[in-house]
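Subject: Structure handover

Hello,

Here is the structure I said I would pass on. My notes on what was found in it follow below.

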Amino acid sequence: MRKLLALICLCLLVAASAYSKPLSDYYPQESVGLVVLGIDDAKYLFDLSGAKTETGAVTKEVVAALKDKFAIDLEKDVEQIGLFFVPTNDEAAAQFAMPNSGMGKPGYEPVVFLCGEFDSNTIVPALKKLIASSANEDSKVDSISIGDKKFLTLFAKDNRLIFFKKNMLLLCKDTVVSLMQKNKLTFAKAPSAFEGLQERANSFFELKKPITNYLTSLNLPIKGLESVNSLCGYLTKDFLYAEAGFKNEETAKSMLNNIDQFKKNFYEEQTKAYESAKSSIYTAPFEQLFDDINKMYNSAKNKDMVDHLKISQQGSSIIVAQPYEKDDKMLLAIGGIGIMAAAAIPNFKAARNSAREKACFSNQRVLTGAVEMYNMDHDTMMTTLDIDTLVKGRYLKSAPKGPEPECEYFSIGDLSKDGVIACKRHGGIPMN
């Protein structure tokens, strides 16, 4: 994942070329969501504005190295870059389609894309030369079949760089290739809502279902968040926008009323917080003074934000606009990628939880073995788990430490017969 994120960053080193919106024709139909970063914002993030800075110098060196090794000129060839997630199995796809599903589920894979003018006649020889100097035997340039067409592909372990369509490169895992081959990931004409996003801004993110769990996890006291069908954000010259889509205009109107009420309540709460912090800075002890000052600033900023919010309804959508300063230009990219990362985090959590569960089951096996040894050595057998006795008798070096604070071991039934040891957090070892 670290290498993937590094490549995403490299992709963002795009410089001045005409912005042509090729995703209008190659929109990923089954994507959970999508992030696009425009040329100007990419230049700002990586300091390609022409100013002589260390960041800009490094960027230029990286661009030159990629041109030398891959024959891809990021300054001239690339027109659009981005990232989208797709469900990789039937369970995730079913969750994606359900109204109350959420991104807090494993089974989503990231796909990086670059759109522009790519010449395989110059790129392929460069790739073959690069592979020839590599010690990795899994690396090769070959083709993959999707439907009745073949696409030139760079194979590198389980990563694939696909020369997809005429002007699109896809960087993805082999699992995503399998989805395309099974027609579970398709590219077609973009829907009108997406076209509207591209017309309004070069930098934006689009988040489709499942988003309900993400929104409700924010714990905002706004009724009706579960009825949001789509969510996007985009940047224009003066404003940062968030746009939520609903099933019809009436639902959107109801949500507008809810947001107005929330805005009013929030402003009143921040006013109280501001006044409370302001009065306490004159009486607070030294160690609390800076905390109160920080509270004052936060509440003041929140009041200013609410004051400047512009909220409107357009058809079945609610649009919230906020002015931004120059340094806020990266908010869209960071916020969008952060939201998309919500799809990837559960994969990490699932792996972590599985590892902890296995560690707990290992402790249970150690305890079971210690009890069995104890019962073989004593006429009066241990019928219920007594870890202290096992440690004192040197059947255990020490009490096993659970992988999570909630782990607490106990026995079920008679351990001298068919009883078992279990954990309050993970239960007992599953029977095969």
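**Salt bridges**

Five salt bridges are counted, a salt bridge being a side-chain nitrogen of Lys or Arg within 4 Å of a carboxyl oxygen of Asp or Glu. This is a predicted model, in which local features need pLDDT of at least 70 and side-chain atom pairs count only at pLDDT 80 or more, while totals for chains, interfaces and linings use all residues. Residues are numbered from 1 along each chain as its sequence is written, and side-chain values use heavy atoms, with hydrogens and water left out.

One of the bridges joins D142 to K140, with 4.0 Å between the closest N and O atoms. D142 is partly exposed at 35% relative accessible area, and K140 is partly exposed at 40%. (Buried means under 20% relative accessible area, exposed means over 50%, and partly exposed is in between, with a 1.4 Å probe and protein chains only.)

Another bridge is formed by the side chains of R160 and D174, at 3.5 Å from N to O. This pair links distant parts of the chain: R160 is in strand β7 (residues 159-164) and D174 is in helix α6 (residues 174-181), 14 residues apart. Helices (H or I, at least four residues) and strands (E, at least two) are DSSP runs, numbered from the N terminus. R160 is buried, at 9% relative accessibility, whereas D174 is partly exposed, at 39%.

K424 and E408 also form a salt bridge, their closest N and O atoms being 3.4 Å apart. K424 lies in the loop between β16 (420-423) and β17 (427-428), and E408 in the loop between α12 (387-392) and β15 (409-412), so the bridge ties together parts that are 16 residues apart in sequence. K424 is exposed, at 57% relative accessibility, and E408 is partly exposed, at 43%.

An open sheet holds 12 strands in the order β5-β6-β7-β8-β4-β3-β2-β10-β11-β12-β14-β13, and the pairing is antiparallel. Two strands pair if DSSP finds at least two bridges between them. At the edges are β5 (140-146) and β13 (310-314), each of which pairs on one side only. From one strand to the next, the twist averages 20°. (Axes are lines fitted to C-alpha atoms, for helices over the stretch in contact, and angles run from 0 to 180 degrees between N-to-C directions.)

Within the sheet, β2 (residues 33-37) and β3 (residues 78-87) run antiparallel and are joined by five bridges. L34 has F84 as its bridge partner in β3.

Helix α7 (residues 192-200) lies across β2, β3, β10 (204-207), β11 (230-235) and β12 (239-245), and runs at about 165° to β10.

**Q364**

Where is Q364? Its place is in helix α11 (residues 331-377). Q364 is buried, with a relative accessible area of 0%. A polar atom of the Q364 side chain lies 2.9 Å from the backbone oxygen of G427, and the side chain also reaches the backbone nitrogen of I429 at 3.4 Å. Leaving aside neighbours within four places in sequence, Q364 is in contact (heavy atoms within 4.5 Å) with Y409, I421, A422, C423, G427, G428 and I429.

Regards

Methods
A polar contact is a pair of N or O atoms within 3.5 Å; within protein, one must be able to donate a hydrogen and the other to accept it, and residues adjacent in sequence count only if both atoms are side-chain atoms.
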